[in-house]
Amino acid sequence: MKDDVVIRLDRATAEDLYVALNELGEHIAAGAPITPPTAEEVERLGRLLRDLAHSIGRKCNPHCDHLE
Ligand SMILES: [Zn+2]
């Protein structure tokens, strides 16, 4: 479909995304603590957020010049 967004994730990033969303949900629902991510998780999730931002037409940061 025309407005669909498709992002392909490697296994590690998919696992990081699952954990982040799951912990966020548990945090919102029941105040469960959020585990601080490792440096590698921060790196992978940062790349995912950047790619997702671009794929929906958003800037990845205030100075982003990756969009046309
Ligand atoms: Zn950008």
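Helices (H or I, at least four residues) and strands (E, at least two) are DSSP runs, numbered from the N terminus. By this assignment the chain has two helices and zero strands. The structure is a predicted model, in which local features need pLDDT of at least 70 and side-chain atom pairs count only at pLDDT 80 or more, while totals for chains, interfaces and linings use all residues. Residues are numbered from 1 along each chain as its sequence is written.

**Overall dimensions**
- The chain has a radius of gyration of 14 Å, whereas a compact globule of 68 residues would have one near 11 Å; the radius is taken over C-alpha atoms, and the globule rule is 2.2 Å times the number of residues to the power 0.38.
- Taken along the principal axes, the C-alpha atoms fill a box of roughly 40 × 30 × 25 Å.
- Of the 68 residues, 3% count as buried (20 or more other C-beta atoms within 10 Å of the residue's own; exposed means 12 or fewer, partly exposed in between, with C-beta atoms placed from the backbone).

- The expected span is 1.5 Å times one less than the number of residues.
- Helix α2 (residues 39-55) has 17 residues and reaches 24 Å from its first C-alpha to its last, close to the expected 24 Å.
- Gly31 follows α1 with a positive phi near 75 degrees, and Gly57 follows α2 with a positive phi near 80 degrees.
- α1 is hardly covered, with one buried residue among its 20.

**Packing of α1 with α2**
- The helices pack at an angle of about 90 degrees, with their axes 9 Å apart; axes are lines fitted to C-alpha atoms over the stretch in contact, and angles run from 0 to 180 degrees between N-to-C directions.
- α1 and α2 are therefore roughly perpendicular (65 to 115 degrees; under 35 is roughly parallel, over 145 roughly antiparallel and the rest oblique).
- Ala12, Thr13, Asp16, Leu17 and Ala20 in α1 meet Glu41, Arg44, Leu45 and Leu48 in α2, where contact means C-beta atoms, placed from the backbone, within 7 Å.

**Asp16**
- Beyond its neighbours within four places in sequence, Asp16 contacts Glu41, Arg44 and Leu45.
- Asp16 and Pro37 are 21 residues apart in sequence and 8.8 Å apart in space, C-alpha to C-alpha.

Key. Contact = placed C-beta atoms within 7 Å.
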